[in-house]
Amino acid sequence: MMTGKTQPKHSILLVDDEPEILFSIKGLLRREFNLYTAESGAEALELLRQHPIHVVMTDQRMPEMTGVELMGKVKNEYPDAIRMVFTGYADIKAVIDAINKGGLFRYITKPWDPDELVEVLREAATEYDRLVERRRLLTDLHDHVEQGQRYAERMLGQSPDLDAEGLNRFNENATQLLSRLQSQR
């Protein structure tokens, strides 16, 4: 559904201990995305505390905190943020760790094709939107079922000649559904 309004740019956090890499990527992406840069994992976590970030893309090999370690922290503290790691080294253990511990959306190798990188970041932003909408939909559904449950309880209390068995069955099903929805949030 098009409303004619332009959507705000997605916020992307780029993390690399090499300022030249950050400068290069920033030049490539600045028109399409709202960019933040960090030269360390600690700096990245501080930026995440200060700004709503949709996608985090980090180098794997950095001093003090690897990309995998950073992604593990991001996954725990900011689970909606889409996580990506890039590296110039073909380290299969790092790839496996990044996927298993950091719940990665993608793993990218350097050097990358600029057009492919932009496309992957667009896909990541779309995935972020999908996850946020799913969470919103689950919350709305949860609220709607709770409202229906309260309505059914009021109806039972006001009209004993109603189909009490049907309303009680509705309430039981609603309780089970609410429990399932709660676990999906």
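**Ground rules.** I am working from a predicted model, in which local features need pLDDT of at least 70 and side-chain atom pairs count only at pLDDT 80 or more, while totals for chains, interfaces and linings use all residues. Residues are numbered from 1 along each chain as its sequence is written, and side-chain values use heavy atoms, with hydrogens and water left out.

**Elements.** I counted 6 helices and 5 strands in the protein chain; these are DSSP runs numbered from the N terminus, with helices (H or I) of at least four residues and strands (E) of at least two. From the N terminus the order reads β-α-β-α-β-α-β-α-β-α-α.

I traced the 5 strands as an open sheet in the order 2-1-3-4-5, with parallel pairing; two strands pair if DSSP finds at least two bridges between them. Strand 2 (34-38) and strand 5 are the edge strands, each pairing on one side only. Strand 3 (residues 55-59) and strand 4 pair in the parallel sense over 5 bridges. Val 56 stands opposite Arg 83 in strand 4.

I then looked at helix 5, which lies across strand 1 (11-15), strand 3, strand 4 and strand 5 and runs at about 160° to strand 4. For such angles, axes are lines fitted to C-alpha atoms, for helices over the stretch in contact, and the values run from 0 to 180 degrees between N-to-C directions.

**Helix 2.** Which residues of helix 2 (residues 41-50) are buried? I noted Gly 41, Ala 44, Leu 45, Leu 47 and Leu 48, where buried means under 20% relative accessible area, exposed over 50% and partly exposed in between (1.4 Å probe, protein chains only). Seen down the axis of helix 2, the buried residues fall within an arc of 160°, so they line one face of the helix; the arc is that of the directions from the helix axis to the C-beta atoms. Their cover includes strand 1, strand 2, strand 3 and helix 3 (67-77).

**Aromatic rings.** I found 1 aromatic pair in the structure. The rings of Phe 86 and Trp 112 have centres 5.1 Å apart and planes at 85°, so the pair is edge-to-face. Rings of Phe, Tyr and Trp (its six-membered ring) pair if their centres lie within 6.5 Å; planes under 30 degrees apart count as stacked, over 60 as edge-to-face and the rest as tilted. Phe 86 is buried, at a relative accessible area of 0%.

Technical notes. Contact = heavy atoms within 4.5 Å.
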